[in-house]
Amino acid sequence: MEIARHWRLRKQRYLLPEAGEHPVGVYPIAPNGKSARSANGHGAVVTIEAEQSTALQTQVRTGTVYSYTTVLNAPADFEEQAPYVLALIKLDDGSMLTAQLTDLGEEPYIGMQVEMVTRKLRTDGDAGIIIYGYKFRPTLAVANA
Amino acid sequence: MRDVSIIGIGQTPVAESWEQPLREIASQAAQIALHDSGLKGIDALFVANMLAGELSRQEHLGALLAGTMGMAGIEAVRVEAADASGGAALRQAYLSIASGAIDTAMVLGVEKVTDIVGSARLSAMATSLDAEFEAEQGATPAALAALLMQRYMHEYNVPLEAFAGFSENAHFNGSLNPYAMYRNKLRPGMFAAAPAVATPVGLFDAAPDGDGAAAVVLAATDLARDLVPQPVRILASAAASDTLALHQRKDMLHLAAVTRSAQKALMQAGITNNDVDVLELHDSFTILTALALEALGYAGRGEGHTLARPEIIGLQGSRPLSTFGGLKARGHAGGATGVYQTVEIVLQLRGAAGANQVPGARIGLAQSVGGLGGTAITHILVPVE
């Protein structure tokens, strides 16, 4: 049962709109010798860009599909979901992340517009916690009244 | 730094060796290599293995295998860099002798992939990816290779069939290699008809996992000349890394670690990539073969797949590749693979490759890659004159 590891990642996985909560997991050494984690103060994972700019206040939750694949041979704990679509998503702030596509009503394609949603990733075995995180769905059109 | 040579080689067949535990296949390969070297003992043991902890509940392989071989007491350590562990262990052994700290060493690669089966094995393989941001999203090595392949096909307008030549070449050469896991040739059409693993990566794009052990014995070249008739010099040894997660790379379709490692090695050797007579690259997936050939400067961007022809990569071709079957047909024995590549290059340079011989091979390049290019370790070998 891996409780601590998943608890630590909860903010990244839900992409909560706090400064610097970007799901990258990079801890560059800052010029002043402190790691980015301590420089930030509240233990957030930050990117080099976040450290240098105060502009990262809003989480970018939309992007396009850079590449995708339908996974047929799934690793442990993911077998029930198979086949599922894994993708590289280029977020609208230029950064990239790896995530599943969900709620697909059509075949995915490179360049498809997608938006982040919170979904169950997997269960940690039979007795462990349910792990939630981000997946991306085709951007829903907003109805205009 | 002293000159270092390979004076002994040994290997076991790559296979699903249900009957044999890790320490047994390891000691078999070690015995063959030690006998080949003529030495009675070695100063140090470097074990190349990626997943024994996950697969066999066994860490601490240095001490375990030194004792298994009846050499308890010598310096022994395991080296890990995912599926580049073989190249990594070779480099560490090379540096230890080149530095003058020791005179002789064995590099012993071993992997027992069949100790775990099914989806749990895939999870174990996924530990070579970014655990938090790739594996936790459901990624596997095949899925990430598929993302690269899909993007490559999209950017360069390349059909899936373009990659078939790599696997057909590997299987042809593997059919001649008694140690290869797969001895069947791929008939025309088989590649296109293969079931998908993670689209568009099919069964015949992906190298099979196999159990295996391979070993090489190293000695300072000054000593080597007196010990064996055909030492093979390590002319160059160079390693490089790239970001582990694909999504962190600036240019995903360029294997930067492959380029960096190869450039350093070619510069050490004082040669160009054109001077290499025989290549063993990391063909865990056909897309990685195409990208590696581009990163090594053998083809332009998006053109690596055009080299997948027998007149280029065949044994009689201009750039012989996967000469004993490569990962695809000889089989991919995890951390041992880099050592198998080294054994095969040595056989080529000794002129002892039998039906797999590349005529007149004088300069060989072996490149061991971890995961999807996070680590690349290049060795250039030549016969001692």
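Mentor: Let's start with one pair: Ile234(B) stands opposite Leu381(B) in S11(B). This is a predicted model, where local features need pLDDT of at least 70, side-chain atom pairs count only at pLDDT 80 or more, and totals for chains, interfaces and linings use all residues. Residues are numbered from 1 along each chain as its sequence is written, while chains are lettered from A and ligands numbered from 1 in the order in which they are written.

Trainee: How many bridges join strand S8 of chain B to strand S11 of chain B?

Mentor: In general, strands of a sheet pair through backbone hydrogen bonds, either parallel or antiparallel. Here S8 (residues 232-241) and S11 (residues 375-383) of chain B run antiparallel, joined by 9 bridges. Two strands pair if DSSP finds at least two bridges between them; strands (E, at least two residues) and helices (H or I, at least four) are DSSP runs, numbered from the N terminus.

Trainee: What is the order of the strands in the open sheet of chain B?

Mentor: The 9 strands follow the order S3-S2-S4-S7-S1-S8-S11-S10-S9 (chain B), with mixed pairing. Strands S3 (75-79) and S9 (278-280) of chain B stand at the edges, each with a single partner strand, so one side of each has no neighbour in the sheet.

Trainee: Which domains does the assignment give for chain B?

Mentor: Domain 1 covers 4-117 + 210-232 and domain 2 covers 140-205 + 235-383 of chain B, with bounds from an automatic or database domain assignment. The C-alpha centres of these two domains of chain B lie 23 Å apart.
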